[in-house]
Amino acid sequence: MDRTRRLPVRGTWLIAGIALAAVTVGCQDTTGDGKDAGRTPAAPSTSSKTPGGAKDSAVPTPGTPKKPDSSASATELTCDQLRNAELQNASLRLPDAPEGTIAFTDGRWEGDGVVIELQPQCDIGDMTGDPAADAVAAVKVTAGGTGRFYGLVTWRNDGGVPVPAAAASLGDRTPVVSISISPPPTKRATVVYLTRGDSDPAAVVTIRRTSVYRVVEPAMIELHHSDTPHTP
């Protein structure tokens, strides 16, 4: 065999193989896996989520003030407020009381020989139809002699301030037992008081009367009543 002729052939194939491998390696370094070649790396995502998948935008920012609740009603009146409330003004005249402006001081007013006293019977509830609860209480007017005139007064809730809105007279020596305002939207007050028949002496009470009132400013109107016997 002529070995001098075959050696150049093997050398040629070896050189060609080395050249091809170099080209392949160079291509791999340039393109990587062939998918990301020439692409700019994506910027990291700035969005984040809270545990459970909720977005950050759904979480209130700490310190953000809450919006006021527009449905909230005015401050509810209390029966104790009436002890220093106005009782009579230019818009409301209390039956059996003298003319002029009248306001309680610790539940009492005195002038021109007349004494007006706030009674303990009282309740808080809706009597005027607005969202703020009103107050209804009993008063006693002493005008000299033996007369003791009892009455009812409704105070409207004006931003937490009791303002006299309506009144009714119950008559002479007719003490009030209880006052109860029905839940909305009835706007009714049930008043229990003691009175007498037309033929009974004024010095005694023989009837326990339960009356239902509503406000028709400036009066409190009796809708109906029922009577049961009362033994002093």
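Predicted model: local features only at pLDDT ≥ 70, side-chain atom pairs only at ≥ 80, totals over all residues.
Student: Is Cys-79 buried, partly exposed or exposed?
Tutor: Its relative accessible area comes out at 29%. Buried needs under 20% and exposed needs over 50%. With 29%, Cys-79 is therefore partly exposed.

Student: Which residues does Cys-79 touch, not counting those up to four places away in sequence?
Tutor: Skip the residues up to four places away in sequence. What Cys-79 then touches is Cys-122, Asp-123 and Ile-124.

Student: How far apart in space are Cys-79 and Asp-134, C-alpha to C-alpha?
Tutor: Asp-134 sits in strand β5. Along the sequence, 55 residues separate Cys-79 and Asp-134. In space, the C-alpha to C-alpha distance is 9.9 Å.

Student: Why does buried Asp-134 have no salt bridge?
Tutor: Check the nearest side chain of opposite charge, which belongs to Arg-156. A salt bridge has to fall within 4 Å. Arg-156 doesn't make one with Asp-134 because the distance is 6.0 Å.

Student: Which residue's backbone nitrogen lies 2.8 Å from a polar atom of the Asp-134 side chain?
Tutor: Leaving aside neighbours within four places, the contacts of Asp-134 include Trp-155, Asn-157 and Met-127. The backbone nitrogen at 2.8 Å belongs to Met-127.

Student: Which elements give two or more residues to the largest nonpolar core?
Tutor: That core has 21 residues, and Phe-104 and Trp-155 are among those with the most contacts inside it. The elements giving two or more residues are β4 (114–125), β5 (134–142) and β6 (148–158).

Conventions:
Residues numbered from 1 in each chain as written. Heavy atoms only, no water. Core = buried A, V, L, I, M, F, W, Y, C linked by side-chain atoms within 4.5 Å. Buried < 20%, exposed > 50% of the residue type's maximum accessible area, 1.4 Å probe, protein only. Helix = DSSP H or I, 4+ residues; strand = E, 2+ residues; numbered from the N terminus. Contact = heavy atoms within 4.5 Å. Lys, Arg positive; Asp, Glu negative; His and termini not counted. Polar contact = N/O pair within 3.5 Å; in protein donor to acceptor, adjacent residues only side chain to side chain.
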